[in-house]
Amino acid sequence: MSVEMIAFFMFTSMLLLLLTGREIFAVIGGVGTIAALFLWGLGGEDMPFIAGYSFMKWSPLLVIPLFVFMGLTLQKSGMADKLFHAIYIWMGRVKGGLGMGTVGLCALIATMSGESAAGTVTAGTIALPSMLKRGYNKRMVTGLVQAGGALGFLIPPSIVFILYGMIAKVSIGQLWLAGAIPGLILATLYIVYIGIRCALNPSMGPPIPVDERASWGEKLHALVFGVPPLILIFLVLGLLFMGVTTIIECGAIGALGALILAAMNRRLNWGMMREILDETMMISSMFIWIFVTAILFSAVFDGLGAIHIVEKFLNSLAGGNRWGIMIIMQLSFFLMGMVLDDTAMLLIVAPLYIPIVKDLGFSPVWYGVLYVLNCQIAYLTPPFGYNLFIMRGIVPKDSGITMGIIYRSVIPFVILQIICLILVMVFPQLALWLPEVFFANVI
Amino acid sequence: MVDLLRKICLTIDFVSHQLGRLTRLSIFVLIGILMYEVVSRYLFNSPTVWSTEMAAMVFGFYFLIGGPFTLLHGGHVRMDVIYSKWSPRRRALVDVLTFPLMAAYLTTFMVGGFHIVNYALKFKQHSMSQWAPPLAPIEIVTLVGGGLLLLQALSFFIRDLYMVITGRSLV
């Protein structure tokens, strides 16, 4: 069997076996191990353990539990409810205001959580029922909750960027800054879209009746609750970008700060703490086991010389045109993202693509932003978009939101994401300008 | 025989669960170590040599010993688009058929782990950092983590096999 055939066979058998519903880490680890033993016999038998033990080498990994802990604590301690309440009071009178405010809420939650699901869950459990009750259009609110949640990929602190930074060997701080402006552009596009739809057709997002509107006293009171989260965001991200803390330490500050905020909110009890601790450990363990098995898989791929195979293949497809190769890479991410878990996809495919990207003279930081934008689109699109399964779990049973509505609701938002992707491709400065302000050596 | 199998499964589940309940607390240790480093560096101007490596070890313990708990409570994600539509018996059958993937990975993981732990003990290997802690302890934790995960997977395998044969659930 030729090397090309082995690589192809490994990859496709992994994709097919994933469909059997076996735990993702077991499929990737199993296929990787069997391939290693088949290729190198007993010489390959140490590879799974060495990959497993590599967590000692990738120290930025350890911020994952810290950011997950921070997000869950803020979510479960009622911080998000309070923020939504403020939005409700301030924006309720505007046509579509709750929808626009929910996008803002998602962007804010994204700055306090590393995980993309956190935004979807919070907006889906708090904002969605409230908007439905106000007579907002079902399809629009279902779509905006999902798209808003996906902002967590781009807006710092983002775990996807941490993984990408480790693989591409570029600064995670630079990547986080690079994602910020595209993230804000997307949030703005969503808000403008909702605003226009609701202005043209007010029945899609009716304003709150006059007698239910809040007084100025209530408005100011609601605003006070927004201050502590803003301080926390500054301590986590501000200190990092000012060069005071390392990326690992800013995770610890975030986790501790979230705990203090929850205590100040008087919502901290042992039952809630147990839930947070269990979920944090389970999410982290799931993540890291996928990480170490994908490292194993990628090591076997590397041993096969898959980089050269992929490079040859891309060159023959695109006829050596660098933008052609770039666009094929984007499409392949989009297609694979439909089937493959985004952590696994990143760890298996990025080591193959990043050397090619550097060879072609593109910036790996800019490419990271494009990659994450693709992840976002894959996250939303059927048939295997992750958030579709989250949504299935959280939409209220009596709301009449069917799987069909969930599927179709994302269409306008995916179009907006593609517009943003094209903007960043055509104007790389949208991603690179902010990191260049803070760092001297952006590559 | 069936009673014995049931007992084995429940014992494994109990161990995984209790270890997880203990391990989930180590995130506070992780936060503590990192905060200690920040405070001692800025307030007392004396950065530590051990904090990052120590934190990585605690983190390793956290996700490795928490692994079986995660498997037990369904935290290791599956691509369940098709899987979720099947009957319990069919799911059990497919899980029995794909069990060799899990077993091959974790068994090889342990074989390799024995070699590497052995080597570290024999030559008293230390980390190549300024702090230079011995490597064997954290390697043993990694090995044990893999072993416990394999045990938990085995507990599910026994249940799946029983389901396939009898159509009833074991526990």
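Reply: What follows goes through the pockets and then the cavities.

This is a predicted model, in which local features need pLDDT of at least 70 and side-chain atom pairs count only at pLDDT 80 or more, while totals for chains, interfaces and linings use all residues. Residues are numbered from 1 along each chain as its sequence is written, chains are lettered from A and ligands numbered from 1 in the order in which they are written, and side-chain values use heavy atoms, with hydrogens and water left out.

The search runs on a 1 Å grid over the protein atoms alone: a cavity is a set of points where a 1.4 Å probe fits but cannot get out, a pocket is an open set with protein on both sides within 12 Å along at least five of seven lines, and a lining residue has an atom within 4 Å of a point. Grid points are joined across faces, edges and corners, and a volume is the space filled by probe spheres set on the points.

The largest pocket has a volume of about 1200 Å³. It is lined by 50 residues, of which A:Glu115, A:Ala117, A:Met286, A:Ile390 and B:Val77 are the closest to its centre. Several helices of chain A give two or more residues to this lining, among them H7 (116-133), H14 (270-304) and H19 (386-394); helices (H or I, at least four residues) are DSSP runs, numbered from the N terminus. H19(A) gives the most, with six residues. By class, the lining has 28 nonpolar, 15 polar and seven charged residues, where Ala, Val, Leu, Ile, Met, Phe, Trp, Tyr, Cys and Pro count as nonpolar, Asp, Glu, Lys and Arg as charged, and the others, Gly among them, as polar.

The second largest pocket holds about 550 Å³ of space. Of its 20 lining residues, A:Phe8, A:Phe11, A:Val310, A:Phe313 and A:Tyr353 are the closest to the centre. Helices H1 (3-18), H15 (306-318), H16 and H17 of chain A each give two or more residues to it. The classes here are 17 nonpolar, two polar and one charged.

The largest cavity has a volume of about 90 Å³. Its lining includes A:Gly71, A:Leu74, A:Met79, A:Leu83 and A:Thr122. The elements giving two or more residues to that lining are H4 (63-76) and H5 (79-91) of chain A. Six of the lining residues are nonpolar, four are polar and none is charged.
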